[in-house]
Each structure stands twice: as C-alpha cells, then as structure tokens.
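Please keep the sequence and the model in view while reading.

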2 protein chains.
Amino acid sequence: MTRFYAPDIESTHALPESESAHAVRVLRKRAGDEIEVVDGVGGLYICRLLTEHHKSAALEIIERRELPKVWKPEICIAVAPTKHNDRMEWLIEKAVEIGIDSFVPILTARSERKQINVERFEKIAVSAMKQSLKAVLPQIHPMTPLRDYLKSLRAGTQNFVGWCDSESERKLLAKACAPAHDTNILIGPEGDFTPEEIDACLEAGFTAVTMGDNRLRTETAALVGLDTVHIINQVFSE
Amino acid sequence: MTRFYAPDIESTHALPESESAHAVRVLRKRAGDEIEVVDGVGGLYICRLLTEHHKSAALEIIERRELPKVWKPEICIAVAPTKHNDRMEWLIEKAVEIGIDSFVPILTARSERKQINVERFEKIAVSAMKQSLKAVLPQIHPMTPLRDYLKSLRAGTQNFVGWCDSESERKLLAKACAPAHDTNILIGPEGDFTPEEIDACLEAGFTAVTMGDNRLRTETAALVGLDTVHIINQVFSE
C-alpha cells in the first residue's frame with residue numbers, strides 16, 4: 001500500500017497539498033479508500049479518505065501505530081557536497097533507505113559546491129522514507145561550515161573522519177567503530193580536507209579512518225561509512 | 001595522474017581508439033608525457049606517450065607493476081536488473097569502486113527489464129576501475145536466466161539470496177556471512193522471486209538472507225550485500 005507523508009496530520013486531519021494531489025490525481029484514491037500515512041516522527045496512521053480534494057484531502061484516522069526506527073544508535077553523516085549534485089541526491093536516497101538520523105552538508109575550504117537546496121534534499125528524503133516503509137524522517141541540515149559542525153557535536157559520540165591522505169596514520173573504520181554507540185561520520189570534499197581542517201577534526205576528537213584500501217568517491221565513502229556502522233551493530237548485536 | 005585502459009597494451013604498445021582520443025584531444029597529452037595505463041588484469045604500466053595520434057597513441061612502456069585486487073575472496077553479485085536502467089548503472093559504478101569480481105544480470109520470471117546493454121555496463125565498469133585506481137576489471141556477464149546461473153556456480157562458495165518475503169525464515173546476512181570465503185549474492189527483481197525460483201535457489205544451496213529490518217530497493221540491497229561481505233572480511237581479518 002502506498003504511504004503518504006503528513007507531518008501535521010494530528011492537527012489537520014488532512015494530507016498536505018502535494019500529497020493530496022498525488023493521492024487524488026495520480027493514484028486516483030477515492031473517498032472511503034483506506035490509506036497509510038506517516039508523520040515523520042514515528043507515527044503510522046491507518047486512515048480513511050473523506051474527501052477527494054486535490055489540495056487538502058481530509059482524513060479520518062482509524063488507527064495510530066508507533067513505527068520507531070529499527071537501529072539503536074544515532075547515526076549522523078556529514079559530507080562536503082560533491083560538484084555533481086545528483087551524486088548527493090542519490091546519497092541521500094540511499095542513506096535514508098539504509099537508515100540515518102541526520103545528514104549535514106559541510107562547507108570546507110576545498111568544497112566544489114558551496115550551496116545546496118535543502119528543500120530538494122528533504123523531498124528526496126521524504127520519498128525514500130516512504131519507499132523504504134519508514135515513519136521517521138531524518139533531519140536534513142542546511143549547509144554548515146566545518147568549524148560550526150565541529151562545535152555542534154554532543155559529548156559521548158564516536159566520531160570518524162574519512163581522510164584520503166595515505167601518508168598519515170588512519171584506522172580501518174570497520175575495526176575502529178564500536179557497536180551501540182552514537183556515531184558521527186565526516187567525509188571531506190573531492191579535493192580532500194586541508195591540513196588545518198584535519199587538525200581541527202582531530203582536536204575535536206575525531207579519529208581519522210579509511211574504509212579500506214580502495215579509493216572511493218565522496219558519496220561512496222559516505223555510504224560505505226554508514227553501512228559499516230549498521231553492519232557492526234548487526235554483527236555485534238545479541 | 002589520470003589512468004588509461006589498454007587491455008592489449010602488451011601486444012599493441014598503444015592506447016585503444018577511445019582512450020587515445022581522450023588522452024590527446026581531451027587531456028591534451030603530448031609526445032614525451034608520462035601516463036599510467038592499466039590492462040584490466042592487474043597490470044599497471046608507467047608509459048611514455050610516443051605519438052599524439054588520436055586513434056592509436058603509441059606508448060613506450062617504462063615500467064610494469066603488479067596491482068592485484070585488495071580483497072581476498074571472490075565476490076560475485078547477481079541482480080535482476082531494475083526497470084530504471086540508471087539504477088543498475090550506478091550499482092555497477094559503486095560495486096566496482098567498493099570491489100567486486102563479477103556482476104551477473106539475472107533474468108527472472110518477474111524481471112521488469114528483460115534486456116541490458118553489456119557494452120554500456122562494461123564502459124561504466126572501466127571508468128569506475130580507473131577512477132578508483134584499480135587495475136583489475138570485474139567480469140560483467142550478459143543477461144543470464146536464473147536457472148543457468150544456479151547451474152553455473154562453483155562448489156565451495158557461500159551463496160546468499162536476498163528475499164523480501166518476511167513470512168519466511170531468513171538469516172541476517174551480517175551474521176550468516178563467513179569471512180575469507182568466496183561469496184555469491186543474489187538479489188531478485190522489484191516484484192521479488194516467485195516461490196518456484198526461491199525453491200530452486202534453496203535447492204542450489206543458497207541461504208535466504210535479509211540485510212536488516214529495512215525494505216531496500218533492489219540496487220540498494222545489492223550494494224549493501226556487497227558492502228557486508230567486505231566489512232565482514234575487514235572485521236575478522238588479522
């Protein structure tokens with residue numbers, strides 16, 4: 001059954017405009033049809049469509065279920081957006097499918113892309129959330145300068161920075177990552193971090209890591225990093 | 001330094017046409033310039049360009065190095081191609097970056113895509129090999145009917161089939177996958193395998209697995225499966 005996204009369903013008892021149009025005009029849902037609606041914060045609602053209004057389709061909530069995320073630790077991926085925006089867009093789609101709590105586009109000295117469209121990223125996250133049958137929408141942050149990001153980190157998380165410089169000492173993420181810990185993974189731009197930026201990361205308590213002996217594109221490194229955290233948590237779970 | 005691909009470099013001592021044009025016309029390489037060439041079977045050649053011919057740029061081989069793949073077991077991913085071909089194309093790009101030995105497009109009863117362009121897939125694999133600084137080109141197979149694929153498997157490999165049916169018993173891939181074993185991962189079409197196809201897989205010695213409690217798209221499941229094999233091999237390596 002197709003899922004719809006209505007963050008304000010509790011107050012509006014209706015689908016927002018884009019979802020109403022999708023339900024009524026594209027999927028031809030009719031009054032009386034049952035649909036599933038998620039609120040982006042873990043609520044799954046079994047609803048009955050009351051009107052076929054293409055801008056605000058009214059709903060009767062038949063049942064509300066809790067649909068929490070299926071992984072335990074908080075996982076945040078911070079990435080310097082790539083020159084080609086489509087690579088960031090698929091990263092967001094895949095990261096939401098695989099499971100992520102927040103995504104932070106990072107502005108670095110060598111970033112080829114200085115601006116991103118947060119609304120567009122959120123739209124991709126919403127459709128990936130619906131497609132992968134989740135009810136929790138990850139937080140998509142606006143472009144954040146590296147130093148602000150480093151200042152914003154909570155205490156008690158394990159923090160890893162993917163770094164290309166093969167001269168320096170780096171740990172293998174799969175071995176350095178501990179299960180059941182909130183985790184931040186930071187991936188630099190295509191041109192890598194500057195030495196000053198890496199120093200700032202290390203001072204902020206980040207561990208320099210590699211994903212293995214492969215040179216990965218920025219978006220691939222971010223996805224492999226995310227995957228590694230999930231797999232480590234699966235392998236070492238009871 | 002940009003890498004070029006010349007599978008016949010030992011016999012031709014030249015770049016093939018497409019690579020010659022790329023070197024001479026796009027990258028403006030000139031006679032006397034040093035370039036790196038890979039042969040797709042583990043050879044990295046440090047070469048000097050002798051001519052600026054855009055169809056067959058002659059090379060002097062200065063040095064030949066062995067550049068074997070960095071992972072131990074043979075890893076084969078077999079996937080029923082998705083309706084949208086671009087999803088298969090990025091899967092191949094990412095799989096080659098992360099590391100794969102062979103890729104088999106599988107024809108199943110519910111496959112939405114019955115034909116693929118192997119040459120196009122190979123082209124993507126070549127550029128991903130060069131981009132990720134590898135010298136070994138994974139084998140890209142033509143579309144293969146499921147039963148032929150199951151018959152073709154070597155003995156002694158561990159075989160996993162990703163299966164959507166949550167009613168049936170499936171193992172978690174991250175726990176079922178043993179390190180240092182040649183591994184085959186089979187992912188079905190968007191509409192899933194038929195019960196008969198799953199029976200054939202189980203008879204052929206496949207273990208039904210899930211990648212976790214997330215519903216993943218076909219191409220995401222294939223990438224997560226590949227990643228899982230690499231991470232298990234990293235975690236349990238000396």
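Which residues of α4(B) are buried?

## Basis of the report

This is a predicted model, in which local features need pLDDT of at least 70, side-chain atom pairs count only at pLDDT 80 or more, and totals for chains, interfaces and linings use all residues. Residues are numbered from 1 along each chain as its sequence is written, chains are lettered from A and ligands numbered from 1 in the order in which they are written, and side-chain values use heavy atoms, with hydrogens and water left out.

## Helix α4 of chain B

The buried residues of α4(B) are Val118(B), Phe121(B), Ile124(B), Ala125(B), Val126(B), Ala128(B), Met129(B) and Lys130(B). Here, buried means under 20% relative accessible area, exposed over 50%, and partly exposed in between (1.4 Å probe, protein chains only). Helices (H or I, at least four residues) and strands (E, at least two) are DSSP runs, numbered from the N terminus. The buried residues of α4(B) pack against β1, α2, β2, α3, β6 and β7 of chain B.

At the start of α4(B), the backbone nitrogen of Glu119(B) lies within 3.1 Å of a side-chain oxygen of Asn117(B). After α4(B) comes Leu133(B), which has a positive phi, near 60°.

## Glu89 of chain B

Glu89(B) is located in helix α3 of chain B. With a relative accessible area of 15%, Glu89(B) is buried. Its side chain makes a polar contact with the side chain of Asn85(B), at 2.9 Å. A polar contact is a pair of N or O atoms within 3.5 Å; within protein, one must be able to donate a hydrogen and the other to accept it, and residues adjacent in sequence count only if both atoms are side-chain atoms.

Leaving aside residues up to four places away in sequence, Glu89(B) touches Arg120(B), Phe121(B) and Ile124(B). Contact means heavy atoms within 4.5 Å.

## The interface of chains A and B

In total, 36 residues of chain A are in contact with 36 residues of chain B. Between the two chains there are eight salt bridges, each defined as a side-chain nitrogen of Lys or Arg within 4 Å of a carboxyl oxygen of Asp or Glu. Arg87(A) forms a salt bridge with Glu93(B), with the closest N and O atoms 2.8 Å apart.

On the side of chain A that touches chain B, α3 (85–98), α6 (173–176) and α8 (218–235) of chain A are the elements that give two or more residues. The most come from α8(A), with ten residues.
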